[in-house]
Amino acid sequence: MKIFPAVDLKNGEVVRLVEGDYNNKKTYFTNPMEVLDFFIESGGKNLHIVDLDGASGGNTFNFKTIEKIIKKCDLFTQVGGGIRSEETIKKYLDIGVGRVILGTIAVENLDFLEKMINKYKKNIAVSVDARDRMIAIKGWKEIKKEDSIDFCKKLDDMGIETIIYTDISKDGKLSGTNLNIYKELKNKISCNIIASGGITYEEEIIKLKEMNIDGAIVGKAIYEKKIDLKKIINISK
């Protein structure tokens, strides 16, 4: 299983939100470069970056910052937030991003999504963000009346290689993740699953690994020192 330390960017700074609330944020680093050395020293091989400004507005506000991060480190990096066109997908892949994450556009335009899956294969992931099992889009500000598990099955049938599933109600609260939803997903779909949202304890990493979940995104628990990054990377191997 792979561990993905999370870097959420807003106005060029590393922040964490609580339940996706843009008004409930905490800034951890004004310079994102400062956190990279710690990730690398801890044995990190992967990185998860979200452009929060992009997720909310559908643009690439933090592109230059992300480009600097990619140039500085030799980590496999997946990037999401506001990626809603093939032009933007290519823009990120051209600077060395390993996997581009589609969210809102994947929900709103399945024809586009299928074309991108067929064209870019392993370089595409879909982020399925849910509140009370219903899909949330546009920076988690809009709820669609579609069951998130059913949507994941639809994506699996379409040929997606990787789904990143986030239970919004758990995100940023340091109270644990929704292990039951990942168990259900693992029983219903065959593609790779990356768990995201509220992962706080070493025991959760162990349980996710035992479920054969492909990856885990860990953010606030690292920044608040609730979990030891080096230790969970070793556990995940």
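Student: By class, which residues make up the lining of the largest cavity?

Tutor: This is a predicted model, in which local features need pLDDT of at least 70 and side-chain atom pairs count only at pLDDT 80 or more, while totals for chains, interfaces and linings use all residues. Residues are numbered from 1 along each chain as its sequence is written, and side-chain values use heavy atoms, without hydrogens and water. On a 1 Å grid over the protein atoms alone, a cavity is a set of points where a 1.4 Å probe fits but cannot get out, and lining residues have an atom within 4 Å of a point. Ala, Val, Leu, Ile, Met, Phe, Trp, Tyr, Cys and Pro count as nonpolar, Asp, Glu, Lys and Arg as charged, and the others, Gly among them, as polar. Here the lining has 20 nonpolar, 16 polar and eight charged residues.

Student: What is the volume of the largest cavity, and which residues lie nearest its centre?

Tutor: A volume is the space filled by probe spheres set on the grid points, which are joined across faces, edges and corners. For the largest cavity it is about 600 Å³. Of its 44 lining residues, His48, Val50, Ser127, Asp129 and Trp140 lie nearest the centre.

Student: Which residues of helix α7 are buried?

Tutor: Helices are DSSP runs (H or I, at least four residues), numbered from the N terminus. Buried means under 20% relative accessible area, with a 1.4 Å probe and protein chains only. An α-helix has 3.6 residues a turn, so residues three or four places apart point the same way. In α7 (residues 148-158), Ser148, Ile149, Phe151, Cys152, Leu155, Asp156 and Met158 are buried.

Student: Which residue caps the N-terminal end of α7, and which residue follows the helix?

Tutor: The cap is Asp147, which has a side-chain oxygen 3.0 Å from the backbone nitrogen of Ile149. Gly159 follows α7, and its phi is positive, near 105°.

Student: Which residues touch the most other members of the largest nonpolar core?

Tutor: In soluble globular proteins, nonpolar side chains tend to be buried together. A nonpolar core is a set of buried Ala, Val, Leu, Ile, Met, Phe, Trp, Tyr and Cys residues joined through side-chain atoms within 4.5 Å. Among the 70 residues of the largest core, Ile89, Leu102 and Tyr182 touch the most other members. A second, separate core of seven residues includes Phe4, Ala6, Ile101 and Ile164.

Key. 1 Å grid on protein atoms, 1.4 Å probe; cavity = no way out; pocket = protein on both sides within 12 Å on 5 of 7 lines; lining within 4 Å. Buried < 20%, exposed > 50% of the residue type's maximum accessible area, 1.4 Å probe, protein only. Helix = DSSP H or I, 4+ residues; strand = E, 2+ residues; numbered from the N terminus. Polar contact = N/O pair within 3.5 Å; in protein donor to acceptor, adjacent residues only side chain to side chain.
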